[in-house]
There are 2 protein chains.
Amino acid sequence: MIKAALAKVISEDLADVWSILDNEEKRLITDAFVIQNFKKNQIIYAEGEEPEYLWCLLKGKVKLFKDGVGGRAQILRLMRPVQYFGYRAYFAEEAYVSSAGAFEPSTLGALPMSLVYQLIQKNNKLALFFISELSKNLGGSDTKIVNLTQKHIRARLAEALIVLKDNYGYEADGQTLNIFMAREDLANLSNMTTSNAIRTLSGFVTEKILIVDGRRIKILNEAQLRKISKFG
Amino acid sequence: MIKAALAKVISEDLADVWSILDNEEKRLITDAFVIQNFKKNQIIYAEGEEPEYLWCLLKGKVKLFKDGVGGRAQILRLMRPVQYFGYRAYFAEEAYVSSAGAFEPSTLGALPMSLVYQLIQKNNKLALFFISELSKNLGGSDTKIVNLTQKHIRARLAEALIVLKDNYGYEADGQTLNIFMAREDLANLSNMTTSNAIRTLSGFVTEKILIVDGRRIKILNEAQLRKISKFG
DNA sequence: GAATAATTGTGTTAATAAACACAAAATTAG
DNA sequence: CTAATTTTGTGTTTATTAACACAATTATTC
């Protein structure tokens with residue numbers, strides 16, 4: 001089953017990335033790729049550790065986050081299948097500045113960065129893939145700096161909900177967010193305390209922008225939510 | 001004089017980056033490299049524009065910043081000679097998400113990104129240079145997200161002063177910051193209003209951590225400043 | 001170098017969000 | 001299935017920072 005998943009990854013899902021490689025290179029990757037399962041809330045790597053692997057999320061949901069003042073975490077990015085992460089620190093020759101954890105039971109593949117680095121040195125298209133990914137992430141982080149520091153609480157939460165929708169989409173009903181997270185995670189995504197996330201979310205319910213049932217969030221008025229995220 | 005500066009750039013200052021290239025490649029760059037002077041506060045490129053050039057700061061000081069809510073700017077990065085910028089948006093195939101402006105009269109070189117992209121496709125070491133730069137910047141931005149959102153005003157300003165020191169260093173006296181910026185820029189660097197930058201800076205003077213003479217800032221106790229930037 | 005504009009400094013008030021406390025509900029573990 | 005634990009929801013108070021106003025000083029510009 002693991003071999004099947006791997007074959008699928010190399011041949012289909014990641015076609016855009018790995019199809020670049022020749023057969024010999026593909027064999028190298030296939031041999032080195034290790035599949036690993038993580039439980040809900042399990043840490044994949046932690047801030048301060050030395051980066052060793054390129055991680056590939058095959059199934060599940062993963063958050064990249066950074067611990068801040070008084071143990072308050074900030075969620076920096078959300079990963080979905082099939083996305084890659086964990087490589088930045090290696091390329092920067094730094095320890096990790098953020099941690100990765102599974103939101104829900106997840107399956108990941110690990111590839112030694114030393115091997116990835118080797119392949120990059122020979123294969124420019126692979127290098128360009130990372131240049132492109134890093135560039136998009138950097139633009140996202142720079143934008144986040146301004147959004148999280150300057151926007152007010154309502155706009156920040158609205159934006160977080162939009163980010164969730166854009167990342168994980170809706171369920172079959174076309175309204176329910178396809179991710180269930182604790183209010184604390186919602187708070188950590190939008191730079192506020194848990195109480196304020198709860199209160200602000202309730203406000204949106206009162207305004208009939210959302211329906212909330214536990215951790216299930218149904219977005220009734222996405223346009224209005226986008227408006228709030230832009231103009232407060 | 002321009003030709004002399006260019007020759008110097010290609011052959012000395014940027015040795016690490018461009019020494020990678022063969023003679024033919026070097027000639028391509030030399031021919032395409034355009035040197036341009038900017039006045040104090042002049043905009044080099046603006047948010048929303050399409051990226052066209054790789055910019056190289058040869059002389060002077062440059063800020064990358066992003067306009068936020070109510071025209072309040074956030075300074076994202078500071079450039080010093082010889083550093084490169086303006087390439088991220090091109091690689092991400094996006095418009096610029098931030099603007100670049102000269103802090104003081106500055107000399108820059110511009111190289112068409114289309115040419116840089118061509119060279120990267122053939123030259124892996126050049127690709128790895130950009131991978132490394134982007135990775136370091138991304139780590140910096142992710143760290144900044146947490147620092148600017150979670151730290152209190154004193155810590156944020158202390159950190160901004162440390163950043164100025166680490167970027168531009170001290171003058172011959174070993175204490176005076178080698179950059180003179182308006183209080184507004186100091187505020188835009190540390191996510192606060194100009195009034196708060198002024199007030200907090202005065203506080204540091206009272207505590208004998210700094211001496212301020214107009215825009216000239218002398219750091220008397222860097223260790224204390226670092227302590228404040230870490231623990232508030 | 002005088003006029004004009006911009007920046008700096010300071011006081012005061014208002015808005016915003018955090019901190020804290022606690023009950024109710026939901027989830028998890030045994 | 002039940003007890004223990006965690007999460008959610010809500011009220012209240014406090015801390016922090018922004019907003020505004022205006023005088024004094026410093027830079028720019030013509």
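Around DNA strand C of this predicted model there are 17 residues, of which His152(A), Ile153(A), Met192(A), Ala182(B) and Arg183(B) come nearest. The surface near DNA strand C draws on both chains: α9 of chain A, α8 (183-189) of chain B and α9 of chain B each supply at least two residues. The most is given by α9(B), with five residues. By class, the surface near DNA strand C is made up of nine polar, four nonpolar and four charged residues.

DNA strand D is surrounded by 16 residues. The closest to DNA strand D are Ala182(A), Arg183(A), His152(B), Ile153(B) and Met192(B). At least two residues of the surface near DNA strand D come from each of α8 (183-189) of chain A, α9 (194-206) of chain A and α9 (194-206) of chain B. Here α9(A) gives the most, with four residues. The residues of this surface near DNA strand D comprise eight polar, four nonpolar and four charged.

Chain A is divided into two parts, domain 1 with residues 2-143 and domain 2 with residues 151-231. The centres of domain 1 of chain A and domain 2 of chain A, taken over C-alpha atoms, are separated by 27 Å. In the contact between them, eight residues belong to domain 1 of chain A and eight residues to domain 2 of chain A. On the side of domain 1 of chain A that touches domain 2 of chain A, strand β5 (residues 73-79) of chain A gives the most, with four residues. That side of domain 1 of chain A has five nonpolar, two charged and one polar residue.

Chain A also meets chain B, with 38 residues of chain A in contact with 38 residues of chain B. On the side of chain A that touches chain B, two or more residues are given by each of β5, α4 (88-92), α5 (113-122) and α6 (124-150) of chain A. The largest share of this side comes from α6(A), which provides 21 residues. By class, the side of chain A that touches chain B has 16 nonpolar, 14 polar and eight charged residues.

Methods: Residues are numbered from 1 along each chain as its sequence is written. Chains are lettered from A and ligands numbered from 1 in the order in which they are written. This is a predicted model: local features need pLDDT of at least 70, side-chain atom pairs count only at pLDDT 80 or more; totals for chains, interfaces and linings use all residues. A residue is near a molecule or strand if its C-beta atom, placed from the backbone, lies within 6 Å of it. Ala, Val, Leu, Ile, Met, Phe, Trp, Tyr, Cys and Pro count as nonpolar, Asp, Glu, Lys and Arg as charged, and the others, Gly among them, as polar. Domain bounds come from an automatic or database domain assignment. Two residues are in contact if their C-beta atoms, placed from the backbone, lie within 7 Å.
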